[in-house]
Amino acid sequence: MAEFVVVGASLAGAKAVETLRAEGFAGRITLIGAETERPYERPPLSKGYLQGSQERDKAFVHEPGWYREHDVDLILGLPVTALDPHAHTVTVDRVDRIGYDKLLLATGSRPRVLDLPGSDNLGLRYLRTLADADALRAAFRPGANVVVVGGGWIGLETAAAAIGHGCTVTLIEREAAPPLARVLGAEVGEIFQALHESHGVRVLRDSTVREFGGLSGRLTHLVLDDNLEIPADVAVIGVGIAPNVELASAAGLLVDDGIVTDASMRTSDPDIYAAGDVASSLNPLLGKRIRVEHWANARNGGPAAARAMLGRDVVYDRLPYFFSDQYDLGMEYAGYVEPDGYDRVVFRGDVAGREFLAFWTRERRVLAGMNVNVWDVQDDIQRLVRAGYAGRSVDLDRLADPAVALADLTG
């Protein structure tokens with residue numbers, strides 16, 4: 001009987017084993033994770049759970065008994081230290097070897113670390129695991145001085161959560177452009193900066209941290225490159241993540257900003273697949289390989305890889321999608337645009353009132369769209385984006401007009 005192994009007890013890994021059983025696979029399934037927690041979803045770590053509006057247990061993908069009930073051998077707290085594609089084995093914790101017929105790598109990513117004077121100080125925090133979120137919730141006390149280094153999604157959501165707990169927050173952005181400019185462009189980045197400033201966040205752009213200062217192992221302040229000192233009880237570092245490709249690379253798999261896969265999530269080895277934010281996968285719709293670091297890619301990519309492992313005809317061409325909740329602003333985004341890949345952002349609705357849509361366009365083709373505090377429009381947005389990538393243009397004046405139904409723009 002066939003044996004399938006999934007390395008990475010992540011959302012992608014958990015949804016993959018769920019799909020294997022749902023699709024009728026009766027062989028042995030082993031799911032291996034380095035963390036001691038059973039698989040969980042990461043959005044609550046910077047949103048509901050960190051904000052205090054969601055219980056910790058809501059983050060888990062399955063109930064505790066699900067894995068036993070579905071005959072999944074769940075191994076937690078032990079890393080996979082070696083992969084031998086020729087022998088079709090993985091080595092767990094340098095001791096136990098487990099054979100496989102098909103293997104899925106869902107090893108995820110890790111935070112990029114700031115290596116600066118004082119960076120080993122106990123006050124520095126990163127946010128990637130449930131344990132990290134637990135520590136931040138404990139540290140976000142009313143009146144605490146919180147400094148967030150990095151103006152990406154994790155940084156902004158963490159800043160919003162800290163404000164909600166009554167902290168004083170400073171956000172350090174190394175670029176001269178506003179937060180999120182590398183993802184959304186300066187036009188929309190300014191909107192998010194204004195949102196945070198309206199809630200009391202001090203945003204310092206074109207600033208870098210030179211060192212972390214402390215006393216008796218306790219963080220007290222940060223020193224910026226212009227010698228400005230920022231009081232800090234807690235520093236949250238959110239300067240990006242790096243895919244965990246070491247296992248794949250050592251095994252000789254093709255790696256290029258992630259584990260390289262085709263549109264069926266298959267790696268350079270025909271019996272090994274990859275999914276989640278570790279995978280750099282060919283997206284036929286976009287016509288290129290991309291690595292997507294967001295929740296929806298893990299939730300949908302794991303099942304796609306599972307079906308491919310079962311020999312199904314799989315073409316994974318979903319649009320990148322993500323969402324965010326900050327203060328009273330909720331948003332969804334679908335599409336893919338390089339920082340210099342668009343020539344105009346088209347706004348539709350009430351930007352000042354933060355109830356609007358935004359579309360990133362190039363040569364009158366919609367490449368990405370975002371809805372802010374406007375709901376039940378994602379399907380229409382995604383149809384517009386898919387049409388744009390198929391080469392279809394739209395009338396930008398009609399796109400900006402709320403009186404014109406989005407469905408009418410896609411024909």
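## The overall picture

The protein chain holds 13 helices and 26 strands. Keep in mind as you explore that this is a predicted model.

How does the radius of gyration compare with that of a compact globule? For 411 residues, a compact globule would have a value near 22 Å, and the protein chain agrees because its own value is 22 Å. Along the principal axes, the C-alpha trace spans about 65 × 60 × 35 Å. Of the 411 residues, 55% count as buried.

## A tryptophan in a helix

Let us visit tryptophan 153, which sits in helix α6 (residues 153-164). Is tryptophan 153 buried or exposed? Its relative accessibility is 12%, so tryptophan 153 counts as buried; the cut-off for buried is under 20%.

Sequence and space can tell separate stories. Tryptophan 153 and glutamine 326 are 173 residues apart in sequence, while their C-alpha atoms are 9.8 Å apart in space.

## Pairs of opposite charge

Side chains of opposite charge can pair when their charged atoms come close. A search of the whole structure finds 23 salt bridges.

One of them joins the side chains of aspartate 71 and arginine 21, with 4.0 Å from N to O. Aspartate 71 lies in the loop between α4 (66-69) and β3 (72-76) and arginine 21 in helix α1 (residues 11-22), so this pair ties together parts that are 50 residues apart in sequence. The two partners can be described by their accessibility: aspartate 71 is exposed, with a relative accessible area of 56%, whereas arginine 21 counts as buried at 16%.

Glutamate 37 and arginine 56 form another salt bridge, where the closest N and O atoms are 2.7 Å apart. This pair links distant parts of the chain, 19 residues apart: glutamate 37 is in the loop between β2 (28-33) and α2 (43-46), and arginine 56 is in the loop between α3 (48-51) and α4. Glutamate 37 is partly exposed at 22% relative accessible area, and arginine 56 is partly exposed at 24%.

Aspartate 262 pairs with arginine 266, the closest N and O atoms being 3.5 Å apart. Salt bridges that share partners also join Glu23, Arg307 and Arg312 into one network.

Which residues form a negative surface patch? They are Glu175, Asp206, Asp225 and Asp226.

Take a look at aspartate 226, found in the loop between β14 (218-224) and β15 (229-231). With 48% relative accessibility, aspartate 226 counts as partly exposed, because exposed means over 50% and buried means under 20%.

Notes
Residues numbered from 1 in each chain as written. Predicted model: local features only at pLDDT ≥ 70, side-chain atom pairs only at ≥ 80, totals over all residues. Heavy atoms only, no water. Patch = residues over 30% accessible without salt bridge, like charges linked within 9 Å, V, L, I, M, F, W, Y side chains within 5 Å. Areas by Shrake-Rupley, 256 points an atom, 1.4 Å probe, with all protein chains shown as cover. Lys, Arg positive; Asp, Glu negative; His and termini not counted. Charge placed at Lys NZ, Arg CZ, Asp CG, Glu CD. Helix = DSSP H or I, 4+ residues; strand = E, 2+ residues; numbered from the N terminus. Buried < 20%, exposed > 50% of the residue type's maximum accessible area, 1.4 Å probe, protein only. Rg over C-alpha atoms; globule rule 2.2 N^0.38 Å.
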